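Take a moment with the sequence and the model below.

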Amino acid sequence: MIFDALIIGGGVSGLQCALILGSAKDKSFFDHKKVGIIMHQKNSHLQNALFNNVLGLTPEKLGGEILTEGKEHLKELYSEIQQIENEKVIAIKQLNGTYEITTNKSTYLSKIVVLALNYSKPLTINGLEEYIIPHKKANIEKDRIQLLNQDHIIKKGLYCCGTIAGHRSQYAIAAGSGAAVATDILTLWNNNKHVKIHHKI
Ligand SMILES: Cc1cc2nc3c(=O)[nH]c(=O)nc-3n(C[C@H](O)[C@H](O)[C@H](O)COP(=O)(O)OP(=O)(O)OC[C@H]3O[C@@H](n4cnc5c(N)ncnc54)[C@H](O)[C@@H]3O)c2cc1C
């Protein structure tokens, strides 16, 4: 099976990207697209975070709860998005029109890949070396990194979002960039006609 889009990383930007892609499941252009997320959460910056400044989150919300609840939310509402658990990506290789994603347990093919990692060193995924640069919006002494990209696109079919895309480390910014990438992908699938997914009461 070849994925149409595979998200790597189950933190803030990855989960938000997956939720918006999932919420387009009934659109005609979605057309049974195969979307997955490698739900690695062990290294998420949410693990030790406590939130008092995010709109919509109850004060003192724990990052660990968001990780668990986010996974459940995605499963309950958008079970079409395949959640791949307990795997860590070790390599990405561009083939003819697809990417080959190798984890510690398996290999996947996808037309589109979204890197939703974070800005911590080291980035140990083989195949990304040439795109790693110092983070442009973090203090230099913290030695953070990002991937070279333009509007979240590293190259055709390869996107990044969240702090690894060069955004500052704030929950709302990371989530927003995951959402931006999702709507860019949906727009592509909709023959470049702009897409947003809203639900009305
Ligand atoms: C202690 C702390 C407190 C914070 N408090 C606040 C706050 O009060 N307000 C606020 O706005 N922000 C806060 N933040 C920042 C916020 O948590 C981050 O900005 C946000 O988590 C960044 O999202 P992200 O998607 O870039 O990265 P993450 O949420 O870290 O997600 C990256 C994901 O990639 C996965 N991953 C990494 N390597 C691989 C691999 N090889 N294969 C597969 N998956 C991989 C990780 O496991 C992780 O799940 C805080 C952060 C910390 C650390």
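What follows is a short walk through this structure.

Keep in mind that the model is predicted. Start with the protein as a whole. Its secondary structure comes to 3 helices and 12 strands. The radius of gyration is 16 Å, close to the 17 Å that the globule rule gives for 201 residues, so the protein is as compact as a globular protein of that length. Along the principal axes, the C-alpha atoms fill a box of roughly 45 × 45 × 35 Å. Buried residues make up 38% of the 201 residues.

Next, turn to the ligand. There are 34 residues around it, and Gly-9, Gly-11, His-40, Ser-44 and Gly-162 come nearest. Two elements give two or more residues each to this shell: helix H1 (12-22) and helix H3 (171-189). By class, the shell has 18 polar, 14 nonpolar and 2 charged residues.

Finally, find Thr-103. This residue sits in strand S7, which covers residues 99-103. Is Thr-103 buried, exposed or partly exposed? There are 17 other C-beta atoms within 10 Å, so Thr-103 is partly exposed. A residue needs 20 or more such atoms to count as buried, and 12 or fewer to count as exposed. Beyond its neighbours within four places in sequence, Thr-103 is in contact with Ile-38, Glu-87, Lys-88, Val-89 and Ile-90. Ala-138 lies 35 residues from Thr-103 in sequence. In space, the two are 29 Å apart, C-alpha to C-alpha.

Conventions:
Residues numbered from 1 in each chain as written. Predicted model: local features only at pLDDT ≥ 70, side-chain atom pairs only at ≥ 80, totals over all residues. Near = placed C-beta within 6 Å. Helix = DSSP H or I, 4+ residues; strand = E, 2+ residues; numbered from the N terminus. Nonpolar A, V, L, I, M, F, W, Y, C, P; charged D, E, K, R; others polar. Contact = placed C-beta atoms within 7 Å. Rg over C-alpha atoms; globule rule 2.2 N^0.38 Å.
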